[in-house]
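Please keep the structure open while going through the numbered points.

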Amino acid sequence: MAKITAVKCIRTRVNGTWGIVKILTDQPGLYGIGSASDHYHQDAVIQAIETMIGPRLIGRDADRIEDIWQSFYTSGYWRNGAITNTALGGIDMALWDIKGKEAGMPVYQLLGGACRSAVPCYAHAGGSTPEALAEAVQAYLDEGYPVVRCQLGGYGGGGFLPSNKTSRPENAWQSDKVFDDEAYLDAIPAMFEYLRSTLGFGPKLTHDVHEHLRPQSAVALSKRLEPYRLFFLEDVLPPEQIQWYRLIREQCTTPQAMGELFINPHEWMPLITERLIDYIRVRVSKVGGISPCRKIAALCETFGINTAWQEGGDNDPVNQMAAVHLDMASWSFGIQEENHFRQDEYDTFPGHAILKGGHIYPNDSPGLGIDIDEALAEQLLVEHEVKTPRYAAEDRRADGSVVRP
Ligand SMILES: [Mg+2]
């Protein structure tokens with residue numbers, strides 16, 4: 001029986017925004033790693049692990065994953081915060097890694113075994129014009145991706161107007177461009193009109209709104225996109241307005257994906273049990289790791305919803321591997337967001353998942369199958385980048401008010 005002897009965090013990537021938990025045991029060479037990355041609050045997550053959770057784990061049995069998860073879920077009295085969820089998520093993954101190594105099996109075997117041979121992914125295609133976007137989409141289709149996300153540039157792309165073309169107050173705060181719902185409602189259906197006219201209806205396409213619209217505009221966009229038969233429309237509403245999904249369901253059949261900002265079961269429960277969305281998109285680490293996600297996947301199976309675990313560009317290879325193990329063993333899996341890394345980042349994580357031809361392949365090594373080279377992890381860090389604070393984008397409307405997220 002392995003006892004936990006130490007819990008530490010390894011910070012890596014150029015900007016130090018990847019936090020990898022390492023749990024050591026009293027068994028020679030037996031340890032596990034997990035993802036506790038937070039692009040904006042990495043210091044706070046590491047603090048939670050090293051000063052609060054870690055010390056209380058010393059001496060516990062490493063095989064009691066569920067008991068450790070349940071006891072630490074409420075150990076800070078308040079729960080479901082992004083920081084504590086992420087800390088617990090990293091611990092949970094590391095414990096599953098240890099359990100797999102003890103069993104001599106990959107984690108997906110412990111979750112019930114493979115129910116697919118590999119994990120289909122969707123790629124991120126972007127272009128500043130529909131023509132450039134169509135070329136990017138075609139390139140991903142040629143590469144083998146079964147699904148492609150289609151964006152006119154970055155967050156809110158297609159919805160920005162030059163400030164001098166809008167009605168602004170004379171003391172306007174915004175200097176160059178502003179976000180406008182009506183512009184977005186025109187641009188995105190036109191974008192899909194072009195994509196369908198050039199690529200046909202064969203390719204499976206998605207679009208991510210990044211919660212930029214007002215709720216009534218979200219209903220309108222979902223309806224206007226219905227003729228283009230999306231694979232799904234992502235984050236058309238912010239987490240604060242999820243009740244509006246009922247109105248969207250009454251209006252159209254555009255499939256809906258939601259959840260990458262969710263941290264609380266009360267956010268995803270009604271959307272799943274009332275069948276108000278089609279794909280749940282929580283990030284594995286942000287809801288507390290593999291343990292809660294396997295329960296979400298089971299709930300999804302009951303209600304006919306699919307999983308599409310979030311894997312944005314700020315995610316690390318360990319969180320990706322945790323998602324892949326869930327994907328391999330979950331019948332309710334729908335699609336996996338792709339994520340790829342620099343070669344020196346791949347080199348830092350021996351055993352990382354292999355992304356090839358639009359599919360991700362795990363390996364059959366015991367545990368998560370991924371490790372961290374701590375010397376290379378330290379070499380990746382650039383001090384001034386690590387010390388630079390990071391914030392989410394701050395888009396604004398013509399009157400100066402902030403657009404969510
Ligand atoms: Mg998204």
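How many helices and strands does the chain have? The chain has 14 helices and 15 strands, where helices (H or I, at least four residues) and strands (E, at least two) are DSSP runs numbered from the N terminus. This is a predicted model, in which local features need pLDDT of at least 70 and side-chain atom pairs count only at pLDDT 80 or more, while totals for chains, interfaces and linings use all residues. Residues are numbered from 1 along each chain as its sequence is written.

1. Overall form. Along the principal axes, the C-alpha atoms fill a box of roughly 65 × 50 × 40 Å.

2. Among contacts with a separation of 6 or more, 72% join residues 24 or more positions apart, a contact being two residues whose C-beta atoms, placed from the backbone, lie within 7 Å.

3. Two domains. The chain is divided into domain 1 (4-106) and domain 2 (110-367), with bounds that come from an automatic or database domain assignment. Their centres, taken over C-alpha atoms, are separated by 27 Å, and the contact takes 35 residues from domain 1 and 25 residues from domain 2. On the domain 1 side, strand 2 (18-25), strand 3 (31-35), helix 2 and helix 3 each supply at least two residues, and the largest share, 15 residues, comes from helix 3. By class, this side of domain 1 has 14 nonpolar, 15 polar and six charged residues, where Ala, Val, Leu, Ile, Met, Phe, Trp, Tyr, Cys and Pro count as nonpolar, Asp, Glu, Lys and Arg as charged, and the others, Gly among them, as polar.

4. A helix pair. Helix 2 (residues 65-73) and helix 3 (residues 82-103) pack at an angle of about 170°, with their axes 10 Å apart. The two helices are therefore roughly antiparallel to each other, a description used for angles over 145 degrees. Helix 2 makes the contact through Ile65, Ile68, Trp69, Phe72 and Tyr73, and helix 3 through Leu88, Asp92, Leu95, Trp96 and Lys99; by class, these are eight nonpolar, no polar and two charged residues.

5. Positive phi. Most residues other than glycine have a negative phi. Tyr77, however, has a positive phi of about 65° although it is not a glycine; Tyr77 is found in the loop between helix 2 and helix 3 and counts as exposed, with 5 C-beta neighbours inside 10 Å. For Arg229, phi is also positive, near 50°, and this residue, in the loop between helix 7 (215-224) and strand 9 (232-234), counts as partly exposed with 14 C-beta neighbours inside 10 Å.

6. Not counting residues up to four places away in sequence, Glu338 touches Cys121, Tyr122, Ala123, Glu311 and Leu355.

Methods: Axes are lines fitted to C-alpha atoms, for helices over the stretch in contact, and angles run from 0 to 180 degrees between N-to-C directions. Angles under 35 degrees count as roughly parallel, over 145 as roughly antiparallel, 65 to 115 as roughly perpendicular and the rest as oblique. A residue is buried if 20 or more other C-beta atoms lie within 10 Å of its own, exposed if 12 or fewer, and partly exposed in between; C-beta atoms are placed from the backbone.
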